[in-house]
Amino acid sequence: MPALVRHRWWLSAALALSCAAHAQISPSPQSDPSPAPAAAATDAPASAASAPVVNSDLDAPMFYQLLIGEMELQGGEPGVAFQVLLDAARRSGDEELFRRVVQIALQSRAGDQAVIAARAWREAIPTSVEAHRTQIQLLALLNRPAEIPPVLRSLLAMTPADGRGPLIAALPALFQRNPEPVRIQEAFEPMLRETAARPETRFASLLVLAEFAKKADRYETALIHVRAAAKDFPDREEPLLMALELLPRRPEAEALITAELQAKPDKQSLRLAYARALARAQRPGDAAREFRTLTQQSPDEPGHWLALGSLELDLQHPDAAEDALQRYMKLVDKPDVSSLAERAIAAAGLDKADREAKQQGQLLLAQAAEMRGDFKTAEKRLAAIEAAPGNLDIAYRRASLLARQGKLEEGRKLLHQLPADREQDRRARTLAESQLLRDNKQWQAAYDLLGTAIKDAPEDADLLYEQSMMAEKLGRAQEMEALLQKVIQLKPQHYHAYNALGYSLADRNERLQEARDLISKALSFAPGEPFIVDSMGWVEFRLGRLGEAERLLRQAYGSRPDAEIAAHLGEVLWAAGQQDEARRVFADAARRDPRNEALQSAMQRLQVRP
């Protein structure tokens, strides 16, 4: 009889015998002591009579040990039951019984006892894969990573070569929410370096080493392992995708991606991931370049055209955005439904994804028309959008259109009509209205609006940050600094606050070393972010380091050709004696954003005509 079945039979037999013994001690008055009729025997199937009897190897001590353990558990004594049944499991070497003991410990929330049972299981049955896996999972759950490598080494030794890599690759999933990533990285690094030296486990080990190092904020170490994996396994894409994850903290990881795309320009999945990473890094110029290539390689993919159109808007290229978005709309647009069945599907809302795709395209097309100053077309496109009442994006675009036509108060009233039952709705409406006021240079009104909201949410870092920007516009430098310091206190990783404070000091030509330190701190959180690189270039200019300032500002302007960055780059070029190139930079920025204050100020100061 198999061990699994045998133990279940033992337990049921033990309970049955216990009931029988109780019945003999306390017989029921209604019980009939007479033997069963002889006819009952003759009614039994012949097969039962002829079936061979299989004797269990259960001895009397084991029988009573199991019986006592189960009775203790039923009696509300799981600790006693655990000890009794664990001893029985060790004596019998039965896996089903070990599972039962682990289960008892887990149900009692006794993690340490569960680990003890799993370890005993592995020691009693060294070839049990389940015992190894159970112990590893329990140690991970209890945040005891240093105890896992010896167990994992044993499990790897009994695993076929082609299964060892996947076993290692599964390690990060065990620690997804672990609060101590440094402990994880230090616990596994020695063992993973060993497995990285073996051909069958090298790839998985390098990737896991990189993943653990990344989570521990050891980005340079992570990049070393990624580079090794990319070099040794040039046909695998996983190291390059991990390099993209490292890009925000290690800009040099980008070289791996660009080299691969130069060698294999048709590798669209990698190019798409790269383009998205550039967009997330606030580098719309570079992201748009990659999406242009993608639209050439796959002209029938609507998502590429939508992303390109959105990026062209961000770059203030309304004509290019319009072209890309019209291609997108053509690809997602479908002929009018004509059949009864098709109309039924549309009425049932089953075409929701298609409608949302068209709404998104129309909204961006409206923005492109607004950017060109064609307000009539913009309003027409907004009116064509079938969206739920109270849609914030559409309401904001309409409010912006009204403000652009001198009807700011009407635009504000439009935003006031949005739902405000929930706190998150009120917050979103406040931020939208403050942005509308900011775009229309109503600094004091925006400051007051945000101040009212902050009274109800004094620790909302985003509201405080926005108010600090308005304080700066109003010339209240000390108040701005105090607000930004509070933002940093509430959110120590709020790199926009470090950057804003550092740039403000640099722009006023005050406390320049402190300004540089603040901007360096911002760059440590977001390396390569164009506006922060621009701030660093500007503080270097203030410190008299023209060469470094020019290098940084060219980098920032190349990634994001923003008018304010252009103003800084033009001024540095002018100071370096490169007036002709400075004029070209100013002229290019003035064509795209002629109303930019920083650009107008720089050109006026240098007496450069647009």
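**A helix pair and some other spots**

A: H28 passes H29 in a left-handed crossing (left-handed means that the near helix is turned anticlockwise from the far one by less than a right angle, and right-handed means clockwise). Before we go on, note that this is a predicted model, in which local features need pLDDT of at least 70 and side-chain atom pairs count only at pLDDT 80 or more, while totals for chains, interfaces and linings use all residues. Residues are numbered from 1 along each chain as its sequence is written, and side-chain values use heavy atoms, with hydrogens and water left out.

Now back to our pair. H28 covers residues 461-473 and H29 covers residues 477-490 (helices are DSSP runs of H or I with at least four residues, numbered from the N terminus). Their axes come within 8 Å and cross at roughly 160 degrees (an axis is a line fitted to C-alpha atoms over the stretch in contact, and angles run from 0 to 180 degrees between N-to-C directions). H28 and H29 are therefore roughly antiparallel to each other (under 35 degrees is roughly parallel, over 145 roughly antiparallel, 65 to 115 roughly perpendicular and the rest oblique).

Which residues touch? From H28 come Ala461, Leu464, Tyr465, Gln467, Ser468, Met469, Ala471 and Glu472, and they meet Glu479, Met480, Leu483, Leu484, Lys486, Val487 and Leu490 of H29 (contact means heavy atoms within 4.5 Å). Sorted by class, the contact of H28 with H29 holds ten nonpolar, two polar and three charged residues (Ala, Val, Leu, Ile, Met, Phe, Trp, Tyr, Cys and Pro count as nonpolar, Asp, Glu, Lys and Arg as charged, and the others, Gly among them, as polar).

The C-alpha atom of Lys473 is separated by 8.9 Å from that of Lys441, 32 residues apart along the chain. Lys441 sits in the loop between helix H26 (423-439) and helix H27 (443-456). With a relative accessible area of 45%, Lys441 is partly exposed (buried is under 20%, exposed over 50% and partly exposed in between, using a 1.4 Å probe and protein chains only).

Next, look at another pair, H24 (residues 392-404) and H25 (residues 408-416), whose axes come within 7 Å and cross at roughly 165 degrees. That makes H24 roughly antiparallel to H25, and H24 passes H25 in a right-handed crossing. Eight nonpolar, one polar and two charged residues make up the contact of H24 with H25.

Thr134 belongs to helix H8 and is buried, at 15% relative accessibility. Setting aside residues up to four places away in sequence, Thr134 touches Val102, Ala118 and Trp121. Glu211, in helix H13, is buried too, at 14% relative accessibility. Beyond its neighbours within four places in sequence, Glu211 is in contact with Pro172, Met242 and Glu245.

Finally, some backbone angles. Most residues other than glycine have a negative phi. Arg109, however, has a positive phi near 55 degrees; Arg109 lies in the loop between helices H6 and H7 and is exposed at 79%. Gln607 also has a positive phi, of about 55 degrees. Gln607 is found in the segment after helix H36 and is exposed at 72% relative accessibility.

Conventions
Helix = DSSP H or I, 4+ residues; strand = E, 2+ residues; numbered from the N terminus.
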